[in-house]
Amino acid sequence: MNPLAEQLNESIQAGSSHVYSMLSQLGKEIYFPKEGILSQSAEAASLAKTYNATIGIALEGGVPMHLPVIQEKLSAFQPKDLYPYAPPAGKPELRTVWRDKMLKETPSLEGKTFGNPIVTNALTHGLSIVADLFADEGDAVIYPDKNWENYELTFGIRRHGQLVHYPLFDDQLNFNSEGLLQALLDQKDKGKAIVLLNFPNNPTGYTPGAEEADAIVSTILQAAEAGVNVVAVTDDAYFGLFFEDSIHESLFGKLANIHPRVLTVKVDGATKEEFVWGFRVGFITYAHEDAAVLHALEQKTLGIIRATISSGPHPSQTFVLDALKAPEFETQKQEKFEIMKGRANKVKAILDSGKYEDAWDYYPFNSGYFMCLKLKEVGAEELRSHLLHKYGVGTIALGEADLRIAFSCIEESGLEDLYETIYRGVQDLQTT
């Protein structure tokens, strides 16, 4: 094993033997090179005053070489903030601004020990880093039956984790903390589990209330006290889009530092929060009481980034940073939030009218981009295909009876017609 990897492992073992036991074999072997092209280039950046012939970019006139046909479209920004490679960890100022944003939006982080966010190529990349660092073949990866299908690819196919599901809702349609607890306690013999907590949930658009959130934290704490080392991952892809009574902060804050056997990881990003899906700017942040453990995990994360994408795109990081610092940012973001909230409330009013009770129920939703119908008489895939081919309406079929609707991409004025069309599709299938 590389001596740098051994040093990082020794730091983690000294700070927390539990966290060390959470690492995958790849997680133990990975490191970020301190010697080599990057370190020598960094040293040259401060000392090479005559000529700096270290890094693989082209300069012209003292600035990064660029094509006028590109720069004229981006003239509001300096070439230095667009064309060079971004640091593997991301632009330092962007990381600082995002950390400040996290503290502001998740008050329960106050007084907790957590690291500086590291920039990822959006959230899927962040989850992939978690999988690489912590998931070995056969390790339990626990998440509910209502989930984002990419988890299976990321943790199951790529890392051969054992996917363990539990029902998202209990009989009262509250978050099923008992189901989560049982799934965790079933891993006592293995002594380790990765838990994915995705709120607002995709596909249901559900975020737990305060009591449910406390129950989730208590559940993970109980598992830790029972001897299970838990990597608790908050997938906060749709963070901030909370439309009704629910927690309005990330569970990352409540879970941070709760027990030596719990390592909390936050994966989030500007992707949905700031409506910049194609920019691919995400973040991964670790919470642990030991500073040396945090440093070692961050170095290993940089090793994964260096070994896969090298670094994230520089222009989009610049654009996001510029937006976060803009005086108009909060006002403009609130305007978009109100539009999204209006769509969600409109959907709820349509569904609560009683007009469609014979065709479907719906799972609780109070946040995010989606809601999910629970069909009563027809199959989800049959209805999805029928709606698409007869009415030109696209939906997502999940399992036998669940139909996901992304109200986020439908103007409020079109929502009533959308659900009327879906209902008409159900009636078509019932009469054939």
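**Close-up 1. Thr 395 in the loop that leads from α16 to β12.**
In this predicted model, Thr 395 belongs to the loop between α16 (380-391) and β12. Its relative accessible area is 9%, and Thr 395 therefore counts as buried, the limit being under 20%. Leaving aside the neighbours within four places in sequence, Thr 395 is in contact with Arg 384 and Leu 387, with Leu 403, Arg 404 and Ile 405, and with Ile 422.

**Close-up 2. The open sheet of four strands, in the order β10-β11-β13-β12.**
The pairing in this sheet is antiparallel, and β10 (360-362) and β12 (396-398) stand at its edges, each with a single partner strand, so one side of each has no neighbour in the sheet. From one strand to the next, the twist averages 30 degrees. Strand β10 pairs with β11 (residues 370-375) over three bridges, and here Trp 360 stands opposite Leu 375 of β11. Between β11 and β13 there are five bridges, again in the antiparallel sense, and Cys 372 has Arg 404 of β13 as its bridge partner.

**Close-up 3. The hairpin of β12 and β13.**
Strands β12 and β13 pair in the antiparallel sense over three bridges, with Leu 398 standing opposite Asp 402 in β13. Three residues lie between the two strands of the hairpin, and Gly 399, which is in the turn, has a positive phi of about 70 degrees. Of the five residues of β13 (residues 402-406), four are buried, so this strand is largely enclosed by the rest of the structure.

**Close-up 4. Thr 207 and its contact with Ser 367.**
Thr 207 is placed in the loop between β6 (192-198) and α10 (210-225), and with a relative accessible area of 1% this residue is buried. The side chain of Thr 207 makes a polar contact of 2.7 Å with the side chain of Ser 367. When residues up to four places away in sequence are not counted, Thr 207 touches Phe 199, Pro 200, Phe 242, Ser 246, Ile 247, Asn 366 and Ser 367.

**Close-up 5. Tyr 143 in strand β4.**
Tyr 143 is found in strand β4 (residues 140-144), where it is buried, with a relative accessible area of 1%. A polar contact of 3.4 Å joins its side chain to that of His 165. Apart from residues up to four places away in sequence, the residues that Tyr 143 touches are Tyr 151, Glu 152, Leu 163, Val 164, His 165, Tyr 166 and Leu 196. Lys 355, by contrast, is 212 residues from Tyr 143 in sequence and 34 Å from it in space, C-alpha to C-alpha.

**Close-up 6. The buried residues of helix α9 and what covers them.**
In helix α9 (residues 177-185), the buried residues are Ser 177, Gly 179, Leu 180, Leu 181, Ala 183 and Leu 184. Their cover includes the strands β4, β5 (162-166), β6 and β7 (229-235), together with helix α10.

**Close-up 7. The crossing of helices α1 and α13.**
The axes of α1 (residues 3-15) and α13 (residues 291-308) come within 8 Å and cross at roughly 145 degrees, and the crossing is left-handed. From α1, the contact is made by Ala 5, Leu 8, Asn 9, Ser 11, Ile 12 and Gly 15, while α13 contributes Ala 292, Val 293, Ala 296, Leu 297, Gln 299 and Lys 300. Seven of the residues in this contact are nonpolar, four are polar and one is charged.

Definitions and conventions
Residues numbered from 1 in each chain as written. Predicted model: local features only at pLDDT ≥ 70, side-chain atom pairs only at ≥ 80, totals over all residues. Heavy atoms only, no water. Pairing = 2+ DSSP bridges. Axes fitted to C-alpha atoms, helices over the stretch in contact; angles between N-to-C directions. Buried < 20%, exposed > 50% of the residue type's maximum accessible area, 1.4 Å probe, protein only. Polar contact = N/O pair within 3.5 Å; in protein donor to acceptor, adjacent residues only side chain to side chain. Contact = heavy atoms within 4.5 Å. Left-handed = near helix turned anticlockwise from the far one by under 90°. Nonpolar A, V, L, I, M, F, W, Y, C, P; charged D, E, K, R; others polar.
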